[in-house]
Amino acid sequence: MGQFLQQIFNSISIGSIYALIALGYTMVYGIIRLINFAHASVYMLGAYIGYFAMTYFGLGFVPSILLAMLICMIVGVLIEKIAYKPLRNAARIAVLITAIGVSMFIEYGMMFLVKANVRSYPPMSGFLAKSFSVGAMTITAQQILILAVTIILMVVLQIVVKTTRTGKAMRAVSQDREAAELMGIDVNSTISFTFAIGSALAGAAGVLVGVYYNSINPLMGMLPGLKAFVAAVFGGIGLIPGAVLGGYFIGAVEVFVAGYGNSMYRDAVVFAILILVLILKPAGLLGKSGREKV
Amino acid sequence: MLEIRELEVYYGVIRALKKISLHVEKGEIVTLIGANGAGKTTALRTISGLLRPTSGSILLNGDDITQASPRERVRKGMSHVPEGRRMFPDMSVLENLELGAFLRRDKEAIEEDLMRVYERFPVLYERRKQMAGTLSGGEQQMLAIGRALMSRPEVLLLDEPSMGLAPLLVQEIFNMIRTINESGTTVLLVEQNANMALQIASRAYVLETGSIVLSGEAKELMESEEIKKAYLGGN
Ligand SMILES: Nc1ncnc2c1ncn2[C@@H]1O[C@H](COP(=O)(O)OP(=O)(O)OP(=O)(O)O)[C@@H](O)[C@H]1O
Ligand SMILES: [Mg+2]
């Protein structure tokens with residue numbers, strides 16, 4: 001029982017990371033029907049920005065994560081403007097290939113700039129270095145931090161999407177772009193805004209991973225990126241609650257397969273789930289089947 | 001108020017509108033009638049800015065808006081109820097209506113207009129929290145019109161509001177269009193249902209494969225043998 005609870009808590013940490021990344025996939029898909037493969041590289045950039053902010057500028061956790069979110073936001077908007085916008089009316093496959101190209105460009109560009117070697121985040125101090133025993137469980141302050149940051153970001157996201165003008169515009173564009181134009185919504189700036197939010201969340205996830213696992217490298221986005229994508233599909237691509245649900249589900253699957261089974265099968269199980277979802281319920285757990293969902 | 005001069009629109013190599021000209025004066029209901037594929041929707045979509053013409057111009061209150069974005073046209077007082085209603089299906093009726101007022105900032109006046117829409121369409125008030133995608137066809141048409149009114153348009157473009165509705169509902173929608181017009185909104189109505197359209201319009205244009213082949217007073221057109229044969233199902 002103690003071990004079970006411990007696994008649950010561990011899976012919340014990794015699940016939060018997947019959920020944060022999956023949100024960007026799902027929001028961008030919702031608005032322009034693109035699997036933005038460059039998203040995982042933005043997450044990696046976030047991890048590096050956090051690393052440099054902490055190591056070279058001696059910034060604390062909060063300013064570092066905010067800086068990473070801000071820069072990732074700008075990068076995300078630029079990616080859309082430079083790489084995807086000119087292809088707005090092109091075949092989907094062309095945009096998809098471009099997304100993979102952008103992803104490679106950023107990952108190998110980073111490798112050139114910062115070298116391929118693994119780097120370590122500076123050790124945390126103060127509260128963030130603590131851990132707590134609750135019964136048989138050990139909970140680290142970093143796990144609490146991940147959960148807290150994720151909850152804050154999701155609440156903010158929810159408020160933005162549900163209540164602000166731009167949030168409503170986002171939902172309108174994702175449900176019917178032309179009808180949104182007829183309402184006077186500026187579709188281009190709404191798409192930029194979506195990339196901005198998704199990329200900021202990925203940047204935050206990058207810093208959290210750096211703090212939690214301590215090691216980062218230019219290709220660190222590949223596998224988590226794919227898994228977050230699986231999470232988004234699992235919950236129903238295009239659906240914000242689906243991405244959160246999917247993120248935590250995939251996190252739990254990983255932790256439990258590794259904990260009770262064999263950690264070698266961890267990734268295989270995740271991708272087996274993708275295949276099963278695509279066969280059994282392609283619209284995802286929360287998606288409505290039939291019509292292509294937003 | 002609205003003037004279209006020699007508008008020409010292509011889909012690739014297909015010429016869908018062949019230099020059509022028409023005008024709508026303030027306070028009028030003008031209808032553009034024609035059979036399937038005549039180019040009616042193409043004309044409205046070009047007028048509201050969703051499509052770009054290859055040549056010709058569109059003037060609204062004397063301003064050339066041929067190059068303006070749909071957003072600028074909404075700002076200048078144009079509102080388009082598109083073919084097939086085009087609701088935001090996963091938003092509530094209320095949210096759909098609020099989006100109609102997207103460019104407005106005058107909160108109190110928006111609230112008043114919302115009440116006016118609810119008065120016109122009481123069913124929308126009853127369903128205000130329901131998702132738009134779950135409304136019936138008639139209710140969706142009412143929502144589409146209500147949403148378009150929320151921008152306080154000077155001119156309302158309607159694309160086949162009678163499409164797929166039962167005769168009784170069609171009558172109701174047309175009565176509504178008439179009262180909207182009476183309260184000061186100019187209307188350009190695209191219809192296949194020529195009979196109904198000619199009854200509420202003051203003037204009409206007949207579109208056939210991208211060209212305007214006939215135009216005039218609605219009453220006169222209703223009497224014309226050509227129209228009777230082709231569009232009114234008479235013999
Ligand atoms: N996106 C498109 N690409 C190519 N051709 C198109 C496109 N949309 C319409 N057309 C063609 O342009 C012509 C005019 O179509 P349009 O939809 O304007 O007709 P309509 O008068 O509105 O017809 P309906 O009464 O059926 O709605 C048709 O021949 C149609 O096939
Ligand atoms: Mg049409």
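Predicted model: local features only at pLDDT ≥ 70, side-chain atom pairs only at ≥ 80, totals over all residues.
Trainee: Why is Q142(A) called buried?

Mentor: Its relative accessible area is 16%. Buried means under 20%, so Q142(A) is buried.

Trainee: Where does Q142(A) sit, and what is it in contact with?

Mentor: Q142(A) belongs to helix 5 of chain A, residues 141–163. Setting aside neighbours within four places in sequence, its contacts are M124(A), L128(A), V211(A) and Y212(A).

Trainee: What makes a set of residues a nonpolar core?

Mentor: The members are buried residues such as Ala, Leu or Phe, joined through side-chain atoms within 4.5 Å. The largest core here has 101 residues. F61(A), Y84(A), Y121(A), I185(A) and L208(A) have the most contacts inside it.

Trainee: Which helix gives the largest share of this core?

Mentor: Helix 1 of chain A, residues 2–32, with 14 residues.

Trainee: What does I185(A) touch?

Mentor: Residues up to four places away in sequence are not counted. In chain A, I185(A) touches A169(A), A172(A), V173(A), A180(A) and T190(A). In chain B, I185(A) touches R71(B), L99(B) and F102(B). Apart from this core lies another, of 45 residues, including V123(B) and I227(B).

Trainee: Why are strand 6 and strand 10 of chain B said to stand at the edges?

Mentor: The open sheet has 6 strands in the order 6-7-8-3-9-10. Strand 6 (78–81) and strand 10 (211–217) each have a single partner strand, so one side of each lacks a neighbour in the sheet.

Trainee: How do you know that strand 6 and strand 7 of chain B pair?

Mentor: Pairing takes at least two bridges. Strand 6 and strand 7 of chain B have 4 bridges, in the parallel sense. The two strands therefore count as paired. M78(B) stands opposite V155(B) in strand 7.

Trainee: Which helix lies across strand 7 of chain B?

Mentor: Helix 7 of chain B, residues 167–182. Helix 7 also lies across strand 3 and strand 8, running at about 155° to strand 8.

Trainee: What makes the pair between K40(B) and ligand 1 a polar contact?

Mentor: A polar side-chain atom of K40(B) lies 2.7 Å from an oxygen atom of ligand 1. The cut-off is within 3.5 Å for N or O atoms, so this pair qualifies. E160(B) has a side-chain N or O atom 2.9 Å from a ligand 1 oxygen. A38(B) has a polar backbone atom 3.2 Å from a ligand 1 oxygen.

Notes: Residues numbered from 1 in each chain as written. Chains lettered and ligands numbered in written order. Heavy atoms only, no water. Buried < 20%, exposed > 50% of the residue type's maximum accessible area, 1.4 Å probe, protein only. Contact = heavy atoms within 4.5 Å. Axes fitted to C-alpha atoms, helices over the stretch in contact; angles between N-to-C directions. Polar contact = N/O pair within 3.5 Å; in protein donor to acceptor, adjacent residues only side chain to side chain.
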